[in-house]
Amino acid sequence: MAEPKREEEKIFSYDTGESASSAPSFLGEDSPPGGPAPGEESALAVEIAKLRAEKEDLLQTLVRRQADFENYRKRIERDRHEEGRRGVERLIADLIPVLDGFDRALHSHDDPAYEEYRKGLMLIRKQLWDALARHGLERIDAAGKLFDPHVHQAIERTESNEHPDGYILHVFQDGYMFYGRVLRPAIVRVVVHSGEGANSDAYAN
């Protein structure tokens, strides 16, 4: 037996006096957007990218400023250290003649009667030398070495074949260095092989 046909449910509207379907009229249509419009999203992304770029630029600037300050600090410390060293160098250069005076005094009295006197001079000379050496003074070791124009000054030449050409035969006056810098060259006599006059010019000053 066939079912009786059901009539479509009607909803009566008291506002219009017309019937309406029970289904909402917006079903099946696109829902209204809940977020920003596409144009607004694009502008926001541009603003974020701009702020990130500014932040990165500020960070790079800060890193450069820190590096510049560190280099400046090191340069100031280096200049201060070098200035202090130059002051010590000038003082030591003024005291080197005092060492020479002690050396001349010690070599001029070989008489045993002056032995106690010599011991006193040697002690004072050693104290002075130790103090200067602690601040960087070094004696140029010249005796028995080959002539080096950077640290030696030849004032005499002796022709001989018993030693290598340029051999330092005698030291007239000690030379000194201060942290690799020559304060005074050693004054020396060098050996020149006979018949090698051309080479002997290298030892002339």
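A residue counts as buried when its relative accessible area is under 20%, as exposed when that area is over 50%, and as partly exposed in between, using a 1.4 Å probe and protein chains only. By this scale Arg184 is buried, with a relative accessible area of 16%. The model is predicted, so that local features need pLDDT of at least 70 and side-chain atom pairs count only at pLDDT 80 or more, whereas totals for chains, interfaces and linings use all residues. Residues are numbered from 1 along each chain as its sequence is written, and side-chain values use heavy atoms, with hydrogens and water left out.

**Salt bridges**

- The structure holds 13 salt bridges, a salt bridge being a side-chain nitrogen of Lys or Arg within 4 Å of a carboxyl oxygen of Asp or Glu.
- One of them joins the side chains of Asp100 and Arg184 at 2.6 Å, N to O. Asp100 lies in helix H1 and Arg184 in strand E7 (residues 181-184), so this pair ties together parts that are 84 residues apart in sequence; helices (H or I, at least four residues) and strands (E, at least two) are DSSP runs, numbered from the N terminus.
- Glu70 and Arg73 form another salt bridge, with the closest N and O atoms 2.3 Å apart, and both residues lie in helix H1 (residues 38-108), three residues apart, or about one turn of the helix.
- Glu70 is partly exposed at 30% relative accessibility, and Arg73 is likewise partly exposed, at 31%.
- Between Lys145 and Asp141 the closest N and O atoms of the salt bridge are 3.9 Å apart; Lys145 is partly exposed at 39%, as is Asp141 at 46%.
- Through salt bridges that share partners, Glu70, Arg73 and Glu77 are joined into one network.

**Sheet and packing**

- Three strands form an open antiparallel sheet in the order E3-E6-E7, where two strands pair if DSSP finds at least two bridges between them.
- Strand E3 (137-140) and E7 are the edge strands, each pairing on one side only, and neighbouring strands of the sheet are turned by 35° against each other on average, direction ignored.
- E3 pairs with strand E6 (residues 175-178) in the antiparallel sense over four bridges, and Glu138 has Met177 in E6 as its bridge partner.
- Helix H2 (residues 115-134) packs on the sheet and touches E3 and E6, its direction making about 110° with that of E3; contact means heavy atoms within 4.5 Å, and axes are lines fitted to C-alpha atoms, for helices over the stretch in contact, with angles running from 0 to 180 degrees between N-to-C directions.
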